[in-house]
Amino acid sequence: MDRKFWVIMGIAFTAGLVSAFIVPSFAAAADERSTGSKANPLKGMTSVEASKGLDLPKGANGDDVAKGRYLVNLLGCASCHTDGALIGKPDPSKTLAGSTIGIAYSNPMVNNYPGAVYPPNLTPDKETGLGDWTLDDIVTLLRSGKTRHGRQTMAIMPWTSYAQLNNEDARAIGSYLLSLEPVKNKVPQQVKPGTPANTPLVHVGLYRSR
């Protein structure tokens, strides 16, 4: 995109419930210095510090909900699914209600107009969130990456790691999300590669030095 809203997102690894997941801790893969005789392909990209440890809504009473809140916090879901959190400016009124900041998934050194996805609304709003999802739908998404309509999601949401969740933990997460106060927040549609995005984007990736 012509607007220089790019940032580079690093991948962090953790032991425990999942083997690896995307933690929104951002660092530029390169600064503005020249890369030899060629122009720096990352020129214009901006390093940002994403929000971490966001305060999550409590949800309903109950042990399953409390456990689900703990797991959602542990997995850092709010750092992507809260508007503004990907660039360090979270909107507390939209915690877990989706992001209008997109996550690009193609190489910024190759694609001027990358494909991008937008972390969806995880609150049970009927129109813009999980209001029509069942607990089993959420468990299936967490453990297989498939939506309630059977579409396979990209591993930008690291469902390949979440697949290691046991059924009890996955159901606890779903119980927590479905117990939240619905927040109406429609996120943008996915952008296909080659199409300019109309929103800021962050970029997920690891890049090897030359």
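View 1. Lys52 is partly exposed, with a relative accessible area of 46%; here buried means under 20%, exposed over 50%, and partly exposed in between, using a 1.4 Å probe and protein chains only. Lys52 belongs to the loop between strand 3 (20-21) and helix 1. Helices (H or I, at least four residues) and strands (E, at least two) are DSSP runs, numbered from the N terminus. Although Lys52 and Leu86 are 34 residues apart in sequence, their C-alpha atoms are 9.4 Å apart in space. A word on how to read all the views: residues are numbered from 1 along each chain as its sequence is written, and side-chain values use heavy atoms, with hydrogens and water left out. Because this is a predicted model, local features need pLDDT of at least 70 and side-chain atom pairs count only at pLDDT 80 or more, while totals for chains, interfaces and linings use all residues.

**View 2. The chain as a whole.** Five helices and six strands make up the chain's elements, and along the sequence they follow the pattern β-β-β-α-α-β-β-α-α-α-β. Of its 210 residues, 46% count as buried. Contact means heavy atoms within 4.5 Å. Among contacts between residues at least 6 apart in sequence, 63% join residues at least 24 apart.

**View 3. Helix 3 and its packing partners.** Which residues of helix 3 (residues 135-144) are buried? They are Asp137, Ile138, Val139, Leu141 and Leu142. These buried residues pack against helix 4 (159-162) and helix 5 (167-179). Leaving out residues up to four places away in sequence, Leu142 touches Trp159, Tyr162, Ala163, Leu165, Ala170 and Ile173.

**View 4. The largest nonpolar core.** A nonpolar core is a set of buried Ala, Val, Leu, Ile, Met, Phe, Trp, Tyr and Cys residues joined through side-chain atoms within 4.5 Å. The largest one has 25 residues, and those with the most contacts inside it are Val72, Leu96, Leu142, Ile173, Tyr176 and Leu177. Helix 1 (63-75), helix 3 and helix 5 each supply at least two residues of this core. Helix 5 gives the most, with five residues. Apart from this core lies another, of eight residues, among them Cys80, Leu86, Ile103 and Val202.

**View 5. Leu96 and its positive phi.** Look for Leu96 in the loop between helix 2 (78-81) and strand 4 (102-104). Its phi is near 65°, a positive value in a residue other than glycine. Most residues other than glycine have a negative phi. Leu96 is buried, with a relative accessible area of 0%.

**View 6. The largest pocket.** On a 1 Å grid over the protein atoms alone, a pocket is an open set of points where a 1.4 Å probe fits, with protein on both sides within 12 Å along at least five of seven lines; lining residues have an atom within 4 Å of a point. About 1,400 Å³ of space lies in the largest pocket, the volume being the space filled by probe spheres set on the points. Its lining has 41 residues, of which Tyr118, Pro119, Pro120, Asn121 and Arg151 lie nearest the centre. Helix 2, helix 3 and helix 5 each supply at least two lining residues, and helix 3 gives the most, with three. The lining divides into 24 nonpolar, eleven polar and six charged residues; Ala, Val, Leu, Ile, Met, Phe, Trp, Tyr, Cys and Pro count as nonpolar, Asp, Glu, Lys and Arg as charged, and the others, Gly among them, as polar.

**View 7. Thr128 and Gly129.** Thr128 sits in the loop between strand 5 (116-117) and helix 3, and Gly129 has its place in the loop between strand 5 and helix 3 too. A polar contact is a pair of N or O atoms within 3.5 Å; within protein, one must be able to donate a hydrogen and the other to accept it, and residues adjacent in sequence count only if both atoms are side-chain atoms. The side chain of Thr128 makes such a contact with the side chain of Asn121 (3.1 Å), and reaches the backbone nitrogen of Asn185 at 3.0 Å. The C-alpha atoms of Gly129 and Lys184, 55 residues apart along the chain, are separated by 7.4 Å.

**View 8. Val187 and its contacts.** Val187 is in the loop between helix 5 and strand 6 (201-204). Not counting residues up to four places away in sequence, Val187 touches Ala97, Gly98, Ser99, Tyr118, Pro119, Pro120 and Asn121.
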